[in-house]
Amino acid sequence: MTTELPLLLVLDLVGTFAFGLNGALTAVRAAQLDIVGVVTLGVITAMGGGIIRDVLVGDVPPATFRDWRYLALAVAGGLVAFALSQWLDRLETPINVLDAIGLSVFAVIGASKAVAFGLGVGPAIILGAVTGVGGGTIRDTLVRQVPTVLRSDLYAIPALVAAALTVAAIHLGIYGLPAALVAAAICFAIRMLGVVLKLNAPRPPGDRGLPGER
C-alpha cells in the first residue's frame with residue numbers, strides 16, 4: 001500500500017499475512033465454516049480496512065488489487081489458519097505480536113495516504129485507524145459478533161494514536177522513515193500492553209461486559 005518507505009512496505013506485507021492468519025483463526029473459533037469461509041474471512045480481515053480507505057479517498061481500484069502480493073499473503077494466512085487450526089492456540093502470543101505489527105503499520109500508512117490525498121487532520125486520523133481496524137470489524141460482523149474493536153483490549157486507541165502522530169509529523173514537515181517507525185512502535189507498545197495486562201477502554205459505570213467475554 002506504500003512504495004515510499006521500503007521497510008514499511010515489508011512490514012505492511014507481514015501485517016497483511018498476520019491479519020489473514022488472525023482473521024481466519026477467529027473465524028475458525030467463532031463459526032463452523034468450510035475452507036472457503038475461513039479463507040474469505042482471513043482475506044477480509046487483512047484487506048478490508050485498506051479497501052475502505054482507498055475507496056473513500058478515491059484511489060480505485062484499491063491498492064490491494066493492484067499488487068498481487070497482498071491478496072497472495074492474505075490467502076496464505078487464511079490457508080495456514082485452516083490447516084493448522086488445532087495447533088494455533090499454542091502460537092497465540094506470536095500471532096498477537098504479528099497482529100499488533102499489522103495494526104501499527106496499517107494505521108501509519110493509512111493516515112499518511114489520507115493526507116497525501118488531501119484530507120484534513122481529523123479525517124486522516126480516522127482513516128488511519130479505519131485502515132487498521134476496518135477488516136476485523138467487517139469479519140466480526142459477518143460471524144455475528146460485536147466487533148472486538150468496540151469491546152475488548154486496547155485496539156482502536158493505539159491505532160488512533162499512531163495515526164495522530166503520523167499526521168502531526170507530516171504537518172510539521174518531519175515525516176519520514178524514523179517518524180513512521182516511532183509512530184508504529186508507540187502503537188505496538190500500547191496494543192501489547194492491552195493484550196498482556198488485559199486492559200480495556202473505559203466502559204459505562206456498572207457495565208460488566210458481554211456474557212462470556214474475557
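What pLDDT does the protein chain average, and what share of the residues score at least 70? The average is 85, and 89% of the residues score at least 70; pLDDT is the predictor's confidence in each residue, from 0 to 100. This is a predicted model, in which local features need pLDDT of at least 70 and side-chain atom pairs count only at pLDDT 80 or more, while totals for chains, interfaces and linings use all residues. Residues are numbered from 1 along each chain as its sequence is written, and side-chain values use heavy atoms, with hydrogens and water left out.

**View 1. The helices of the protein chain.**
Welcome to the overall fold: 8 helices and 0 strands, where helices (H or I, at least four residues) and strands (E, at least two) are DSSP runs, numbered from the N terminus. Mean confidence is lowest in H1, at 82, and highest in helix H7 (residues 156-171), at 95. Of the 214 residues, 47% count as buried, meaning under 20% relative accessible area, with exposed over 50% and partly exposed in between (1.4 Å probe, protein chains only). Among contacts (heavy atoms within 4.5 Å) with a separation of 6 or more, 75% join residues 24 or more positions apart.

**View 2. The largest nonpolar core.**
Step inside to meet a set of 23 residues, of which Leu8, Phe19, Leu103, Val108, Val133, Tyr155 and Ala159 touch the most other members. A nonpolar core is a set of buried Ala, Val, Leu, Ile, Met, Phe, Trp, Tyr and Cys residues joined through side-chain atoms within 4.5 Å. H1, helix H2 (35-57), helix H5 (92-116), helix H6 (121-142), H7 and helix H8 (177-197) each give two or more residues to this core. H5 provides the largest share, 6 residues.

**View 3. Around Leu103.**
Neighbours within four places in sequence are left aside here; Leu103 is then in contact with Phe19, Gly132, Val133, Tyr155, Pro158, Ala159, Cys187 and Arg191. A second, separate core of 9 residues has Ala111, Ile125, Leu127 and Val167 among its members.

Helix H1 (residues 6-30) gives the largest share of the patch, 3 residues. Val14 lies in helix H1 and counts as partly exposed because its relative accessibility is 32%.
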